[in-house]
Amino acid sequence: MIRAITVFAATVLSTVTLFSQQGSIAYGKLAKAVTEGRTGKYEQAKAIYKYICGNIEFDPTLKNITADDCVRTGKGTCLGYVRLFIRLCSALGIRTESISGHAKAIYYTPGDRVFKHIWLRVEDDNGRMFFVEPTWGSGYVSDGKFVRHDNNMSWFDVDPEWMVFTHLPDYQRQQYLTKPVAKELFMALPALYPGTSEMGIDSRKVLEMYRSGHTAGFPIINPIPGYDVKLVDFPMTRKLSVGEKYKISIRPSKGKLYAIIDNYKFRDNWQEKDGIMTIEVVPDSPGKLNLATATRNDEQYVLVLEYDIE
């Protein structure tokens, strides 16, 4: 049987015979095809990540849990993703470590449930082990249907200080933090994704803020590829108060539009100085306040930062 290998379901990389005469999967051949032209463990692991994220979709039925299941059906659970990643790395002599624990959803707020999950660490050329999250890198399920990410590399080589906002290992030592996070603190932390670092969010700063007793929550951050915005100054709380004045400052990107949407009131009266755009807003009624951005071509605004107004 012949099967085409693709990277992010776009470019044909190679065509190999994936199955032996006995019907077993030739993982060695698959690993070599996926990493063709890549030298070094790090680049090979990156190629494996891209192959899995571009070819395997999450299985909401939770039936496909093995590496074989993923290759044969193109679907898998988080366990299947990790097992396939490990099989391909093993074929190339790359050391891995699977990590089981609990994870949050992107719109998590304290009190929401967390769910069982599994991810892994991979060794690079210098013996350094780094976090990889192929399940979340591949996409997400919306209304029962899988939606694939387009080249989402934010879940490859994740810093431990970012990982702990959304992933809590069963064994504390597998956080690989100098100062591990207790479950109670993990449950209080916002679900910040690694991609938010590109928006100017400092994971260490936020983590230390919560370690120091911060209890006012955190705005929902929605890192959207292609809608670039650098947050310079913004309220680091989940809730805003009616009648209070708040300031949001951003560093804009070329070709982008920005606005504050306050209970459907559209505000774009930004003041610009030294490359920084600032707006002040006083909410006048309970509801929602959002920072939104759009491209100048379509002016279709997408929410980036969200607050509750009380």
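Seven bridges, given as 7 in the assignment, join strand β16 to strand β20 (residues 287-295), and the two run antiparallel. The model described here is predicted. Within this pairing, Lys-256 has Thr-295 of β20 as its bridge partner.

The hairpin formed by β16 and β17 has 2 residues between its strands, and Asn-263 takes a positive phi near 50 degrees in it.

Another part of the chain forms an open sheet of 5 strands, with antiparallel pairing and the order β10-β7-β6-β5-β11. Which strands stand at the edges of this sheet? They are β10 (156-158) and β11 (167-169); each has a single partner strand, so one side of each is left without a neighbour in the sheet. On average, neighbouring strands of the sheet are turned by 50 degrees against each other, direction ignored.

Helix α2 (residues 41-55) touches β6 (115-123), β7 and β10, and its direction makes about 110 degrees with that of β10. Helix α4 (residues 78-91) touches β5 (96-103), β6 and β7, and its direction makes about 15 degrees with that of β6.

The side chains can be followed from here into the interior. In soluble globular proteins, nonpolar side chains tend to be buried together. The largest nonpolar core of this model has 80 residues, and those touching the most other members are Ile-52, Leu-84, Phe-85, Leu-88, Val-122, Leu-231 and Ile-250. Helix α2 supplies the largest share of this core, 8 residues. For Val-122, the contacts beyond four places in sequence are with Ala-45, Phe-85, Cys-89, Ile-94, Arg-95, Thr-96, Arg-128, Met-129, Phe-130 and Val-132.

What surrounds Asn-222, leaving aside its neighbours within four places in sequence? Asn-222 lies in the loop between β12 (220-221) and β13 (230-233), and is in contact with Ile-106, Tyr-107, Met-199, Leu-303 and Val-304. Its relative accessibility is 18%, and Asn-222 therefore counts as buried, the limit being under 20%. The side chain of Asn-222 reaches the backbone oxygen of Leu-303 at 3.3 Å.

Asp-59 is found in the loop between β3 (57-58) and α3 (67-73). At 3% relative accessibility, Asp-59 counts as buried. Apart from neighbours within four places in sequence, Asp-59 is in contact with Asn-64, Lys-75, Gly-76 and Thr-77. With one of these, Asn-64, the contact is polar and runs from side chain to side chain at 2.9 Å. The C-alpha atom of Asp-59 is separated by 22 Å from that of Leu-168, which is 109 residues away along the chain.

Methods: Residues numbered from 1 in each chain as written. Predicted model: local features only at pLDDT ≥ 70, side-chain atom pairs only at ≥ 80, totals over all residues. Heavy atoms only, no water. Pairing = 2+ DSSP bridges. Helix = DSSP H or I, 4+ residues; strand = E, 2+ residues; numbered from the N terminus. Axes fitted to C-alpha atoms, helices over the stretch in contact; angles between N-to-C directions. Contact = heavy atoms within 4.5 Å. Core = buried A, V, L, I, M, F, W, Y, C linked by side-chain atoms within 4.5 Å. Buried < 20%, exposed > 50% of the residue type's maximum accessible area, 1.4 Å probe, protein only. Polar contact = N/O pair within 3.5 Å; in protein donor to acceptor, adjacent residues only side chain to side chain.
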